[in-house]
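This report goes through selected local features of one protein model. The sequence and structure are shown first.

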Amino acid sequence: MTSGERMANDVDVDLGHLFASLIKRWRRIAFFTLALTAVVFLLAVLATPKYRAETRLLIEARESVYTRPLAAGNSERAVLDAETVASQVEVITSAEILTQVARELGLADREEFEDSGPSMLESVLMTLGLKSGPAATAPEERVLEAFREKLQVYRVENSRVIVIQFSSEDPQLAREVPNAIANAYVASLRAAKLEANVDATQWLEPEIADLRERVRDAEARVADFRSGSGLLFGGNNTVLATQQLAELSSELSRVRASRASAEAQAASVRDAIARGAPLEALPEVQASNLIQRLRERQVELRAEIADLSTTYLGDHPRIRALRSQLADLNTQIQLEMQRVLEALETEAATARGREQELMSDLEAQKDVSSNAEEQQVELRALEREAAAQRQLLESYLTRYREAVARGDRSYLPVDARIFSRALQPSEPYFPKVMPITLAAFAASLLVMCVITLLQELFSGRALRPADSGGIEPVRQVEMPAAIAAAPAEESTARATELGEVDVEVAAEALISSGVARAIVVSPEGDEAAASAVLVAREVADAGLRVLLLDLTASGAASRPMLESRAYPGITNLLTGESQFADIIHADLYSSCHIIPIGTGELDEAMRGIDRLPIIMGSLTTAYDLVVAECGDADAAAVRRLMEEDARILVSVLDPSEESIAAATRELRDGGFSNPLMVNPSAHMTPTAPPGRDVA
């Protein structure tokens, strides 16, 4: 699509006209709005009022610490988690409870629960066999279906509260139904507990009788084994053989210690006698009373002899008599020490004999104790079996007594409590006449406004041509008077003093040389940019793909080829605001494409001017010829766009202008020796198509 076609199809919505249509058609809007509101109001007033009431249940453990069965610990209490509460909701809405309540309250006899007959859609479905008729459904089932439609049971989030909500045309029935459902639910829980209690009692009775027989048999086996094995028990319920074995071991240890002590004492005395050492210091000698008395007499005699020696000589009869007595005492002491040694050796020998005897007894007792231990292991196994049977019997007896007591006393607390019963509602919850009427008024008013606006849009009355902001009509590029007045017969003029050529010759030169770039310099200003436009169109008319790149500051080259200055162009590409697809536009008159100067900031675009050679390279790849209008550019600026396949053109309007000569000399001094001088004054533009100005 060309730029002209896009501009022809661009339209804007005339908001003023659009909303003015609402004011223009306010009578129709008000009529339909009030009519719809009145219909809704009448329907709300004539609608049968419905009342709603609710009963609330709390799922909790009702068993107290004083009445909880001893056999049931905390681990056996009901787990009242979210799944349990959700399950109770399903129990409440079960057909059994709802049927019981429906029969109790006689809902089948009430008009609102009677079948009003199939609707038109249901009749068609029944005719086609896609739905069963009322005759195929039992009356009780139809009542239950209507019951469920009016009933709502749900669990309050993050709690164990269950709400039973019922709506009815009768406020009294709206109160009675949820209360009756709650009562029936609690009664069903109590009946379930009673049934479980009775079942447990009936199961425990034969089990207890069987356990009693097994306990009796187990205890009889224990008694028979005790009497048959001959096991005797001492203190602390220990087997007598084991106890005797322990006593023999203790006695043997004591005898061994006594024998070792006697042998050590005898060895020490024997060693002292053999060495001739004084024996008075030995503990065994000191322990003898006789030796102690002899030692005391020996000391007295020695003292008396020493005392007499101060008066008499050694041969005095008294001294000799005392010395004789002292020798006798020494002999007695030695004899007594020998007796002590013999006593110690006798004690050691006696201890060795007792040790041998005890060892024999210990070995014999070990065999007896081993047999007793084996019998005791078997006895303990029998006792454990009897104890386990007895414990199980006692447990069953405890549960049986508790179950019988609860059944007799009718104490069966359920895990649910009605903490809020339904009250008779005083006002209906439906219909709320005023809110419904206001909502209908607002909705109908909105719908009518939307319908009116859509009608205006689809009819096209609310559309107007797009205002592109600054778009100016295409104006004719005015050529200088001297050029415009040139006679047509002079259009074939070829050369002047500067050697300039006309547009056709310039186009033929570009086509024949096969260059990819044509760099056009216009020293005489914006009016001279017409050469680039005419050359580009001429080459495009020859069938080549041509692009005109407008690099003039004022956009003089692209202005006559487009309808607006607001198109994005090369400055937008250099600043990164647009892509290639956004800046290439179609010529209004020819098949030539144009990249205008654009709407970007020139200062910011100049920062990216180094990208211009890359852009030119990309354009020459896509097009056969790229014509770049550079305006009054110097040789340095032209060099930035030059390549081997480029040709420089100089636009000439008035050959006598000094600017032409100066620009030509500058280009030649800059290394561009053969610029092609183009004079557009003799070019005749064909007649413009209908509805377009001549560019």
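Predicted model: local features only at pLDDT ≥ 70, side-chain atom pairs only at ≥ 80, totals over all residues.

Residues are numbered from 1 along each chain as its sequence is written, and side-chain values use heavy atoms, with hydrogens and water left out.

**Aromatic rings**

Rings of Phe, Tyr and Trp (its six-membered ring) are paired if their centres lie within 6.5 Å; planes under 30 degrees apart are called stacked, over 60 edge-to-face, and the rest tilted. The structure has four aromatic pairs. One of them joins Phe31 and Phe32, which is edge-to-face because the planes stand at 75 degrees, with the ring centres 5.4 Å apart. Another edge-to-face pair is made by Phe113 and Phe147, at 6.4 Å between centres and 90 degrees between planes. This pair connects distant parts of the chain: Phe113 is in the loop between helix H5 (95-105) and helix H6 (120-127), and Phe147 is in helix H7 (residues 139-150), 34 residues apart. Helices (H or I, at least four residues) and strands (E, at least two) are DSSP runs, numbered from the N terminus. Ring pairs also bring Phe166 into a cluster with Phe113 and Phe147.

Are Phe113 and Phe147 buried or exposed? Both Phe113 and Phe147 are buried. Here buried means under 20% relative accessible area, exposed means over 50%, and partly exposed lies in between (1.4 Å probe, protein chains only). In the other pair, Phe31 is exposed because its relative accessibility is 55%, and Phe32 is partly exposed at 36%.

**Charges over rings**

A charge is said to sit over a ring if NZ of Lys or CZ of Arg is within 6 Å of the ring centre and within 35 degrees of the ring normal. Phe113, already named in the cluster, has the charged end of Lys150 over its ring, 5.9 Å from the centre. The charged end of Arg52 sits over the ring of Tyr429, at 3.8 Å from the ring centre.

**Helices**

Two packed helices are described by the angle between their axes and the distance between the axes. Helix H15 (residues 503-513) packs with helix H16 (residues 530-541) at an angle of about 55 degrees, and their axes are 9 Å apart. Axes are lines fitted to C-alpha atoms, for helices over the stretch in contact, and angles run from 0 to 180 degrees between N-to-C directions. H15 and H16 are therefore oblique to each other; angles under 35 degrees count as roughly parallel, over 145 as roughly antiparallel, 65 to 115 as roughly perpendicular, and the rest as oblique.

In H5, the buried residues include Ile97, Leu98, Thr99, Val101 and Ala102.

**Backbone geometry**

Most residues other than glycine have a negative phi, and most peptide bonds are trans. Asn158 is not a glycine, yet its phi is positive, at about 60 degrees. Asn158 lies in the loop between strand E3 (151-155) and strand E4 (161-168), and is exposed because its relative accessible area is 71%.

Which residues does a cis peptide bond join? The bond is between Phe430 and Pro431, with omega about -5 degrees. Pro431 is in the loop between strand E5 (417-420) and helix H13 (433-459).

**Residues apart in sequence**

| Residues | Apart in sequence | C-alpha distance |
|---|---|---|
| Leu393 and Arg212 | 181 residues | 6.9 Å |
| Ile615 and Leu573 | 42 residues | 9.3 Å |
| Ala61 and Leu80 | 19 residues | 8.0 Å |

Leu393 belongs to helix H12 (residues 317-409) and is buried at 10% relative accessibility. Ile615 is in helix H20 (residues 612-622) and is buried, with a relative accessible area of 4%. Ala61 is in the loop between strand E2 (51-58) and helix H4 (82-92), where Ala61 is partly exposed at 30% relative accessibility.

**Cysteines**

A disulfide is taken here as a pair of cysteine sulfur atoms within 2.5 Å. By this rule there are zero disulfides. Cys592 is buried at 0% relative accessibility, and Cys630 is buried at 12%.
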